[in-house]
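Me: Please take a close look at a single part of this model, the larger story of one chain. How are its strands, its core and its contacts arranged?

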Amino acid sequence: MKIYICTAILAIKKDAQVSCSGEDINTLEWHDGNPTNITNQQILAKQSELQALEDVISKRIKEYGSIAEQIEFITENGLDAWQSKVQAIKNKYPKENN
Amino acid sequence: MAYIGKQPTIGNFVKLDTITTSATATYNLTNGGVAFSPQSPNHCIVSLNGVIQSPTTSFTISGSTIVFASALTASDVIDFILVLGDVLNIGTPSDNTVSLAKLTATGTKDATTFLRGDNTFATAGATAGQVIQVVQATDSTARTTTSNTFVDASSTLTVNITPSSASNKILVILMLCGFGADTQNTNARATVFRGATDISPSNGFADNNIVSGGSYYVGAGNSVLDTPNTTSSITYQFKMQNSGGGNTARVNNGGFSSLTCLEIKG
């Protein structure tokens, strides 16, 4: 899933009031006057950070499989085996701060 | 009264100039000193010495002359020559010569009416409920906002329209594509403003709150029959918000949106 500019801004300041057109950082219109002076560089950095995290999570979810597949695995191999598989997937796709 | 033979289009009844007789059968015919040519002897009533003459037998017409059956004398008196109708071809009327008064059309003839094909003057322009003009704006650029109050988010969905009458209404139609919030359980709301006034009855033209499942972004739209009560130029502008705040409302997430305004005769 794509991380949008507004998503990144809200991750920096959860009550920010801002509009954006065409996902262009240069079109930002601050409705609250940007009281904490969030810069475009901060926004793009946060967007990259969140996008990287989102990509990792997406890869993990894909390898976990559907709920039906997970239940089937646990039924056939037991919970310990499932926990081992989850840890292996996490090790394969680590988060930067995890 | 019915006519025998061809009915004259235009009658032209003329009493010709007085003729002084002499010892001849042929005389020039004039009207006001200008040569006059009757269509035929049968178009003429000629009185000679107090006796009406028989056309063709007592006289004939040759161009602008009358020829009696025999020569007259100076003592004879042509009492009058009356030409009873001359079939005229009026040809093509000159420019700016035919007035409305010449028309047989019924109805009121004034600046607010026009002549219909059924020869009736009818009121010009639209009647109540008909569309007078249509103005539309479109936008295909993705617009997002985190504002919890209505903002235009730089959308180009702006329509300027000038009603032709203060009694006319404006049908405002907003159609959105890819509209919603980036997160479930948060409200994306869209509306249309006339100047500084939100014209929606309540909660905007569209209110998208995806609780669970499905896409966050949907096609949405609504319409309002607005009564601006003015003949001045007015502006209708799309606006949106994330009503809960702390999240993103989005429109044109793939596709385009439109704002259409129709002036309706009141």
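Reply: **Sheet, cores and contact**

In chain B, β1, β9, β5 and β6 make up an open sheet of 4 strands, in the order β1-β9-β5-β6, with antiparallel pairing. At the edges stand β1 (13-15) and β6 (51-52) of chain B; each has a single partner strand, so one side of each has no neighbour in the sheet. Strands are DSSP runs of E of at least two residues, helices are runs of H or I of at least four, both numbered from the N terminus, and two strands pair if DSSP finds at least two bridges between them.

The model is predicted: local features need pLDDT of at least 70 and side-chain atom pairs pLDDT 80 or more, while totals for chains, interfaces and linings use all residues. Residues are numbered from 1 along each chain as its sequence is written, chains are lettered from A and ligands numbered from 1 in the order written, and side-chain values use heavy atoms, without hydrogens and water.

Within the sheet, β5 (residues 44-48) and β9 (residues 78-84) of chain B run antiparallel and are joined by 5 bridges. In this pairing B:I45 faces B:L82 of β9(B).

Next, the nonpolar cores. A nonpolar core is a set of buried Ala, Val, Leu, Ile, Met, Phe, Trp, Tyr and Cys residues joined through side-chain atoms within 4.5 Å; buried means under 20% relative accessible area, exposed over 50%, partly exposed in between (1.4 Å probe, protein chains only). The largest core has 27 residues, of which B:V172, B:L174, B:L176 and B:Y236 touch the most other members. Strands of chain B that each supply at least two of its residues include β14 (158-161), β15 (169-181) and β20 (234-242). The most, 6 residues, come from β15(B). A second, separate core has 17 residues, among them B:I61, B:I66, B:I78 and B:I81.

The loop between β19 and β20 of chain B holds B:T230. This residue is buried, at 18% relative accessible area. Beyond its neighbours within four places in sequence, B:T230 is in contact (heavy atoms within 4.5 Å) with B:P163, B:S165 and B:A166. A polar atom of the B:T230 side chain lies 2.9 Å from the backbone nitrogen of B:S232.

Finally, the partner chain. Contact involves 15 residues of chain A and 20 residues of chain B. One salt bridge (a side-chain nitrogen of Lys or Arg within 4 Å of a carboxyl oxygen of Asp or Glu) pairs B:R250 with A:E23, whose closest N and O atoms are 3.7 Å apart.

Terms used:
Polar contact = N/O pair within 3.5 Å; in protein donor to acceptor, adjacent residues only side chain to side chain.
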